[in-house]
Amino acid sequence: MKKFIFYIFSVLIIVVLIVFILRDRFNMNTILSTIEEKTGLKIELIGNSTWNFYPGLSYSNSNVNFVQKNSLLTVQNADIHIRKSYWPLSPFLIYISAPTINYNGMEMHNTILQAKYINSIVHIESLTGNIVEGTLKLNGNIDLEDAQPFTFQGQFENISLNTLLKQSKVATWERVNIKLSSPSFKISGKGRKNQDRTTSLTGILPITGSLFFTTTDEERFGAALLSLIVEKIPDLSPISQSVDFILSNYANVPSSLSGILTIKNGSITSKEILITNRDGMSALKGSYSYLKNTINGKIYFYQNKEIFLEASLQGAIENPQILVAGKLFADQDEQPMQDIKQLLENGLNTFIEKLLNKNE
C-alpha cells in the first residue's frame with residue numbers, strides 16, 4: 001500500500017513538473033518575442049487572453065493584430081487559437097482566422113490558417129482566403145532558422161490581375177481586364193528580408209484565365225474612316241489593316257488564355273501564353289520584371305495559322321508601348337514600328353485629321 005501511494009505521489013509530482021515546464025515554454029510573451037525576433041512580425045494582443053490546462057495546454061484570443069516592421073504585412077482583428085499536448089516534443093497547433101490581410105496594398109479576405117510549429121519550422125497545413133473575386137488555397141513550410149527557406153504549393157482561381165496591380169499601386173489598366181487561375185503552382189525562396197525573399201523567388205505556375213479588351217464606338221468609326229482614306233494615302237494601308245485586324249478579332253470579345261509562367265531572377269517569364277476566342281488566336285512570349293516593373297515581350301497574331309501581325313510590348317508595365325510590325329509591314333522597312341496603344345489613346349480621329357492636314 002505504501003509503495004502504491006508513493007508511486008501515485010511520484011507520478012503526480014512528475015505531472016506537475018511537466019505542466020510547469022510546458023507552461024513556461026508556452027508563455028505567450030516568450031513566444032511573441034521569439035516570433036518578432038525571427039520574422040520581424042509584431043503581434044499585439046488586443047482582446048482578453050484565455051488559458052486552459054486540460055486535457056492539454058491551450059491559448060486563445062479573439063482580437064489580435066499582426067504588423068511587420070516594414071509595414072508590408074498587416075493583419076487586424078484576427079482570432080487565434082494555439083494548442084499543445086503535455087508531451088514535450090509535441091508541436092504547437094495553430095489556428096488563425098482573419099477578416100482581412102493586407103500585403104503591400106493587396107488584400108486577402110476571410111483568411112483561415114491551420115499550421116504546426118515544431119523545431120523552428122512552421123508547417124502550413126492549409127491557408128485559404130478570398131482575393132478580389134477569386135480564391136487561394138496553399139500549404140507549405142517556413143524554416144525560421146538561418147536563411148529561412150520556404151516552399152509553398154497550392155492553387156488559385158478567378159483572381160483579377162487588374163485589381164491586384166491597382167491595389168499594389170503598380171499599374172492601372174482600363175482597357176484590358178485579365179483574370180487568372182492556376183490548378184497547381186509551386187514557389188520557393190529564402191531570406192530574412194523582404195528584398196532577399198523577392199529576389200530569391202523561383203516557381204512554376206501553370207495558368208488559365210480570361211481576357212477582355214474594350215474599345216469605343218469612336219475608335220471603331222475611326223478605324224473604318226482610316227480604311228477609307230487609304231486610297232488617298234497608300235502608306236497608311238499597313239497601319240489601317242493592323243488596327244482593323246485587332247479591333248475586329250479581339251475588341252469587346254471574350255478571350256481565353258492558357259500557358260505556364262516561370263519565376264526566376266526577379267522576373268516572371270513565359271515561352272508561350274495562348275490567347276484564343278471565336279475569331280482569332282495569338283501567342284504572348286516575354287517577361288515581366290517585378291523588381292523594375294518593366295515588361296518586354298511580343299504578341300504574335302495569327303490568321304490562317306500564319307503570323308499576320310506582330311506586336312512588341314516594351315517599357316513600364318503602367319504604360320508600355322505596343323509597337324506593331326509583321327507581314328503587313330514587310331515592304332515598308334524604312335518606316336518605324338507603329339505604337340497602336342498610343343494611337344488608340346490619342347484618338348484615331350485626331351490622328352486622321354493630322355494626316356489629312358499634312359497631305360493637303
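In which strand does Lys 84 lie? I looked this up and found Lys 84 in strand 4, where strands (E, at least two residues) and helices (H or I, at least four) are DSSP runs numbered from the N terminus.

Before going further I noted that this is a predicted model, in which local features need pLDDT of at least 70 and side-chain atom pairs count only at pLDDT 80 or more, while totals for chains, interfaces and linings use all residues. I also noted that residues are numbered from 1 along each chain as its sequence is written, and that side-chain values use heavy atoms, with hydrogens and water left out.

**Lys 84 and its contacts**

I checked the accessibility of Lys 84 and found a relative accessible area of 4%, so Lys 84 is buried (buried means under 20%, exposed over 50% and partly exposed in between, with a 1.4 Å probe and protein chains only). I then saw that Lys 84 lies over the face of Phe 92, at 5.5 Å from the ring centre; for this, NZ of Lys or CZ of Arg must be within 6 Å of the ring centre and within 35 degrees of the ring normal. The side chain of Lys 84 is also joined to that of Ser 90 by a polar contact of 3.0 Å (a pair of N or O atoms within 3.5 Å; within protein, one must be able to donate a hydrogen and the other to accept it, and residues adjacent in sequence count only if both atoms are side-chain atoms).

**Positive phi**

In strand 4, which covers residues 73-84, I also came to Asn 77, whose phi is near 60 degrees, a positive value in a residue other than glycine. Asn 77 counts as partly exposed at 47% relative accessibility. Asn 110, in strand 6 (residues 106-118), has a phi near 50 degrees, again positive, and counts as exposed at 52%.

**Aromatic pairs**

How many aromatic pairs does a search of the whole structure find? I recorded 5, where rings of Phe, Tyr and Trp (its six-membered ring) pair if their centres lie within 6.5 Å, and planes under 30 degrees apart count as stacked, over 60 as edge-to-face and the rest as tilted. Because Phe 156 lies in strand 9 (residues 150-160) and Phe 185 in strand 10 (residues 176-189), the pair ties together parts that are 29 residues apart in sequence. Phe 156 is buried at 14%, and Phe 185 is buried at 7%.
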